[in-house]
Amino acid sequence: MTQAKRKYWLRVLFVGFIVYAATIFAFMLTGNINLFPSIVLIGNFLVPVAFVSFFYEKREWFSVNMSATAMCFFFGGALGTIAASLLEPVFISELTFTTAFTVGIIEELTKLIGVFLIARHRRYNSMLDGIILGSAAGMGFAAFESTGYAFTAFLQSGGSLTHTVFITLLRGITSPVGHGTWTAILSSVLLRESVQGKFFINGKVIKAYITVVVLHGLWDGFPLVINYIFPWTYSVITGQILLGLTGLYILYKRWRESKLEFSEKGL
């Protein structure tokens, strides 16, 4: 694979950002409300697609093809958010530090719908395959969920484009250290422990699930209590940066393990 192709994800990110900025400029210039859905969709899907592209560029190590990756992105996003929206009101009446972990329990499970649908009955049984499918499912979930948040922000702000763009950029920037990373961590272990599409839920998978649930719960619940403990202007941001780096470090370890596994198999 050439160096140019290895940087394809950067081109996706750069060109996508130019298109996004141009769409915002055209909307501000013309006031054409028909452009608003494009602003929301491009803004919320740009970073997730670039993130998945980054891993897919290493496809010489994966058994997963483009169609499976795209379908996992869609199923993890569309079906995952639908399932989460049905389950969360049943178990959560309001978001508190405690119920934030319930959100993690639900969403880290529903995002796996995409992985289950794509990996079942297929020979995807390596950590590398789990990373690409998990990142696709997680980022699909992030993109669909953030789109909903953007529309909500637009309505609640009385049609403020500035507020909507801010929410879109904030969620887009943080999505790689959130949903995409967490699901990639869990999926990598799940597929490593599977055999030809048959999933086995053992202690290692349960441990990985608990890990990502804790990370997810802390991410959602941290802002609710941190200001009371550390009343510093940037305390919430600092805490979430540390949580994001923790998740990325765990994913990096899974990535190193998966490459070692790949080398040992002589693939």
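Predicted model: local features only at pLDDT ≥ 70, side-chain atom pairs only at ≥ 80, totals over all residues.
Residues are numbered from 1 along each chain as its sequence is written, and side-chain values use heavy atoms, with hydrogens and water left out.

**Exercise 1. Helix α7**

Determine what length helix α7 reaches, how many of its residues are buried, and which residue with a positive phi follows it.

Solution. Begin with the limits of the helix: helices (H or I, at least four residues) are DSSP runs numbered from the N terminus, and α7 covers residues 127-156, which is 30 residues. Next, take the distance from its first C-alpha to its last, which is 42 Å and close to the 44 Å expected at 1.5 Å a residue; the expected span is 1.5 Å times one less than the number of residues. Then turn to burial, where buried means under 20% relative accessible area, exposed over 50% and partly exposed in between (1.4 Å probe, protein chains only). Because 23 of the 30 residues of α7 are buried, the helix is largely enclosed by the rest of the structure. Finally, look beyond the helix, where Gly 158 follows with a positive phi near 75°.

**Exercise 2. The packing of α3 against α7**

Describe how helix α3 (residues 36-56) and α7 cross, and state how the residues of their contact divide by class.

Solution. The axes, which are lines fitted to C-alpha atoms, for helices over the stretch in contact, with angles from 0 to 180 degrees between N-to-C directions, come within 9 Å for α3 and α7 and cross at roughly 165°. That angle makes α3 roughly antiparallel to α7, given that angles under 35 degrees count as roughly parallel, over 145 as roughly antiparallel, 65 to 115 as roughly perpendicular and the rest as oblique. The crossing of α3 and α7 is right-handed, a term used if the near helix is turned clockwise from the far one by less than a right angle, anticlockwise being left-handed. For the contact itself (heavy atoms within 4.5 Å), the α3 residues include Phe 36, Phe 45, Pro 48, Phe 51 and Phe 55, and those of α7 include Ile 131, Ala 136, Met 139, Phe 144, Phe 151 and Phe 154. By class, this contact of α3 with α7 has 19 nonpolar, four polar and no charged residues, where Ala, Val, Leu, Ile, Met, Phe, Trp, Tyr, Cys and Pro count as nonpolar, Asp, Glu, Lys and Arg as charged, and the others, Gly among them, as polar.

**Exercise 3. The two partners of α4**

Work out how α4 packs with α5 and with α3, and which residues make each contact.

Solution. Take α5 to begin with: helix α4 (residues 66-91) and helix α5 (residues 97-110) pack at an angle of about 155°, with their axes 9 Å apart, and they are therefore roughly antiparallel to each other. In this pairing α4 passes α5 in a right-handed crossing. Gly 80, Ala 83, Ala 84, Leu 87, Glu 88 and Phe 91 in α4 meet Thr 102, Val 103, Ile 106, Glu 107 and Thr 110 in α5, and the residues of this contact divide into six nonpolar, three polar and two charged.

Now take α3, whose axis comes within 12 Å of that of α4, with a crossing at roughly 145° that is right-handed. Phe 45, Pro 48, Val 49, Val 52 and Tyr 56 of α3 make this contact with Met 66, Thr 69 and Phe 73 of α4, and its residues comprise seven nonpolar, one polar and no charged.

**Exercise 4. Individual residues**

Key
Helix = DSSP H or I, 4+ residues; strand = E, 2+ residues; numbered from the N terminus.
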